[in-house]
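Reader: I have a model open on my screen and would like to learn how to read its features. Could you take me through it?

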Amino acid sequence: MKILADVLIALVALIHVYIVVLEMFLWSKPRGRAVFGTTEEFAAESAPLAANQGLYNGFLVAGLVFALVAGGSTGFAFAVFFLVCVIVAGLYGGFTVSRRILVVQSAPAAVALLVAVLAR
């Protein structure tokens with residue numbers, strides 16, 4: 001069960017690596033605009049804001065990776081904290097921006113958190 005928890009935590013981290021890349025580097029590119037459904041003009045004007053969001057997602061990645069590397073009680077505490085952060089961010093985004101965020105962000109983190117707690 002611990003291996004499954006670690007795999008799920010790593011998956012959540014990888015999802016957020018993708019989000020970092022989208023928000024920080026591809027926001028104004030066709031791929032980023034397609035994912036977020038924005039116009040070229042809006043993407044150009046909001047690029048600094050998106051990059052800031054991407055940076056915050058990078059912090060979530062860092063915390064989740066640290067949880068995996070640290071292991072033990074410290075790793076578990078970090079995993080719980082950062083998975084809860086991902087869930088809360090996904091809930092907020094899901095209710096204010098797009099319901100799709102609930103599926104892409106909150107659901108995987110909630111499953112990873114449940115498995116991590118059960119593996120403990």
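Reader: Let me start with F36: is F36 buried or exposed, or something in between?

Author: Burial is judged by relative accessible area: buried is under 20%, exposed is over 50%, and partly exposed lies in between (1.4 Å probe, protein chains only). F36 has 32% relative accessibility, so it counts as partly exposed. W27, at 9%, counts as buried. A word on the source: this is a predicted model, where local features need pLDDT of at least 70, side-chain atom pairs count only at pLDDT 80 or more, and totals for chains, interfaces and linings use all residues. Residues are numbered from 1 along each chain as its sequence is written, and side-chain values use heavy atoms, with hydrogens and water left out.

Reader: Thanks! How many aromatic pairs does the structure hold?

Author: Rings of Phe, Tyr and Trp (its six-membered ring) pair if their centres lie within 6.5 Å; planes under 30 degrees apart are stacked, over 60 edge-to-face, and the rest tilted. The structure holds 5 such pairs. One of them joins W27 and F36, a tilted pair with 4.9 Å centre to centre and 45° between the planes. Y56 and F59 also pair, edge-to-face, at 6.1 Å and 85°. These two are 3 residues apart in helix 3 (residues 40–70), so about one helical turn separates them; helices (H or I, at least four residues) are DSSP runs, numbered from the N terminus. F59 is partly exposed at 46%. Ring pairs also link F66, F78, F81 and F82 into a cluster.

Reader: Which residue lies over the face of F76?

Author: A charge sits over a ring if NZ of Lys or CZ of Arg is within 6 Å of the ring centre and within 35 degrees of the ring normal. Here R120 lies over the face of F76, 4.4 Å from the ring centre.

Reader: And at what angle do helix 1 and helix 5 pack?

Author: Two packed helices are described by the angle between their axes and the distance between the axes. Axes are lines fitted to C-alpha atoms over the stretch in contact, and angles run from 0 to 180 degrees between N-to-C directions. Helix 1 (residues 2–24) and helix 5 (residues 100–119) pack at about 155°, with axes 8 Å apart. They are therefore roughly antiparallel (angles over 145 degrees). Contact means heavy atoms within 4.5 Å, and the residues making it include L8 and V12 of helix 1 and P108 and V111 of helix 5.

Technical notes
Parallel < 35°, antiparallel > 145°, perpendicular 65-115°, else oblique.
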